[in-house]
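Here's a quick tour of one protein model, going from a single backbone angle out to sheets and cores. Have the viewer open and follow along.

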Amino acid sequence: MGEPYFITTAIAYTQSKPHAGNVYEAVLTDCLARFQRLRGRDVFFLTGTDEHGQKIQKQAEGEGVKPQSLVDRLAGEVRRQWDLMNISYDRFIRTTEPAHKSAVQKIFRRFYEQGDIYKGSYDGLYCVPCETFYTDTQADGGGGACPSCGAGLTQASEEAYFFKLGKYAGRLMEHIESHPDFIQPVSRRNEMIENFLKPGLQDLCVSRTSFTWGVPVEFDPGHVVYVWIDALSNYITALGYDPYGQSGEEFDRCWPARVQVIGKDIMRFHTIYWPIMLMSLGLPLPETVLGHPWFLFNDEKMSKSKGNVLYADELAGEFGVDAVRYCMLREMPFAQDASITREKLMARINSDLANDLGNLLSRTAAMAEKYLGGAVSADAPRDESGPDAELKRTAAAAGEAAAAYFDGFQTQNALAEIWKLISRANKYIDETMPWVLGKSPENLPRLTAVLYNLCETLRMVSVFCGPVMPAAAAEMRRRLGVAAEPSWAQAVWNDRGSFSVGRGEPLFPRIEAVETADAGPSAPKPDNIPDQIGIEDFMRTDLRVGEVLSCRRVPKSDKLLVFEIDLGWEKRNIVSGIAEYYEPEALVGKRVAVVSNLKPVKLRGVESQGMLLCAEHGDRVVLMDAPDSLPPGSKIR
């Protein structure tokens, strides 16, 4: 049995069918879990559903059903989606399970007995969708809107228990500073420190009396445990944790978690409240909390009210499960949001999966069958100095780089490295021209060597792609006649193998775009195109990649934001008039395109040293992203 590796998703809230952005988290975590299994680690993958809270009780009342009936239905829908998308979880926990509720009651009692929680009363603003309390300052003076989701805030006044967060704030700050990998990416770490820890932590309300759908506080009837303590505890209750010393072997083996994968919108709960809870219980903290970005639809957050939601099961029915998994993991950068549309999925599937990978497999299998009857062995000598050697070097480099990126949770970059190998293999076919070699019997040894090299490349690709597209990877191995279960250690070049190659239907059929009758006309040519310029004029503009270190509103301005930009060689302020399109905190950590040699100007008393590039269409303005893989200061040509 290998090294334990405990990995979790956030548990999905049972209020509605999860959309593609919600499912992405499960797909990402599944990819990371599958990779670690290939590395030989003893993976325990936990996911599940969060089933308590005021909004569930209100929704059940509105539908005329009992809360348990509502969450049973919606938890079943979440599990259906996870199973459809081939999520290889080891445990699916529900917070309505009796064992979980009992453990939460013990945890709450433990907090109380050691003086970390106390009874008081709450009087302030509350967001029902986020299950979150806000001060007037946090809610922009109590103007009525939740700063996280935009929903209306309600005035709440009730008796409640409170957790003394400040008691552990210093220890948490020390842990974050001494463990740089604890919060990833760095932009999320900076946000937690600057926005919450440095200003000081207020005591956290941890029980409610205004509704009943939750875990009862056993020593104080009428109180239910606040949903975040209930939900966060699942990561240890699922392992059999008991705060009074009766935890099971699974907890001792798995905890602390190696990585907990969550959405960026719940970072505060998982990197401040959750570690403080663990400190109170005397437990070690997770190694890493990974806050992934969001999938946007046409640069807007997916929202049912806006009608811009895509569902993973519908996309999988249209394009295939593995194709959707691949597109999700290839499109999403490590630290920045990404846009997803059907058009983008189709383009990516046709380019990467149908043209690159699918054609490589089909061409290789067809030639192996035509010229060698499908039996491809390593008997023939290979050229150790030409394209053969370069293909082997590319394969080795791809495996090494992909492993490092998977270990660092950067699936987009891992897949880019794997696709370098696939592209090199397609080029290798054009260089070696097996169809020409097949015309002469004397070329049979060289033809055999070429086809062996292609089969061996595909075998390695099937291992590299296994965490992302498990079904397609297994089908590739079946067509190559490779029966053994793969491991990452076996994904190295083997000069002594053999293959029994079979053909099949296209692994990823090309998708043809369907013209719709209501498709609008193409956009008219704009009438404000400037006069043409020469290349020498354009070259005078110095465009660079910059990273947003901080962003804030310019006082007394509704339009201006002031950015602190890292250009690699220096940091500078740039003022941009995009305040009505973006929230400042959402821009921290973004890589942007910067005009770096613009003369400084003062705007509302703030000196601006450069310009950020944006795209404009109608009444929309979108900040132009630079690739996350490029360091600040990279020149844009």
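Which residue just after helix 11 takes a positive phi? That's Gly 320, with a phi of about 105°. Keep in mind that this is a predicted model.

## Helix 11 and its surroundings

Helix 11 covers residues 312-319, and its buried residues are Ala 312, Asp 313, Leu 315, Ala 316 and Phe 319. Look down the helix axis and these buried residues fall within an arc of 160°, so they line one face of helix 11.

What does that set of residues pack against? The buried residues of helix 11 pack against helix 1 (20-38), helix 3 (67-84), helix 12 (321-331) and helix 13 (342-372).

Between strand 5 (residues 117-127) and strand 6, the antiparallel pairing runs over 3 bridges, and Leu 125 sits opposite Tyr 134 of strand 6.

Another open sheet has 3 strands, ordered 15-14-16, and here the pairing is mixed. Its edges are strand 15 (300-301) and strand 16 (338-339); each has a single partner strand, so one side of each lacks a neighbour in the sheet. Strand 14 (residues 295-297) pairs with strand 16 in the parallel sense over 2 bridges, with Leu 296 opposite Ser 339 in strand 16.

## Nonpolar cores

In soluble globular proteins, nonpolar side chains tend to be buried together. The largest nonpolar core in this model holds 100 residues, and the members touching the most others are Leu 357, Trp 419 and Met 469. Leaving aside residues up to four places away in sequence, Trp 419 touches Tyr 326, Arg 330, Asp 352, Leu 353, Asp 356, Leu 357, Cys 465 and Met 469.

There's also a second, separate core of 68 residues, which includes Leu 46, Val 217, Trp 228 and Val 289.

## A buried threonine

Is Thr 8 buried or exposed? Thr 8 has 0% relative accessibility, so it counts as buried. You'll find Thr 8 in strand 1 (residues 4-9).

The side chain of Thr 8 makes a polar contact of 3.1 Å with that of Gln 260. Again not counting residues up to four places away in sequence, Thr 8 touches Thr 29, Leu 46, Tyr 235, Val 259, Gln 260 and Val 261. One of these, Leu 46, also belongs to the core of 68 residues.

How values were computed: Residues numbered from 1 in each chain as written. Predicted model: local features only at pLDDT ≥ 70, side-chain atom pairs only at ≥ 80, totals over all residues. Heavy atoms only, no water. Pairing = 2+ DSSP bridges. Helix = DSSP H or I, 4+ residues; strand = E, 2+ residues; numbered from the N terminus. Core = buried A, V, L, I, M, F, W, Y, C linked by side-chain atoms within 4.5 Å. Buried < 20%, exposed > 50% of the residue type's maximum accessible area, 1.4 Å probe, protein only. Contact = heavy atoms within 4.5 Å. Arc of directions from axis to C-beta. Polar contact = N/O pair within 3.5 Å; in protein donor to acceptor, adjacent residues only side chain to side chain.
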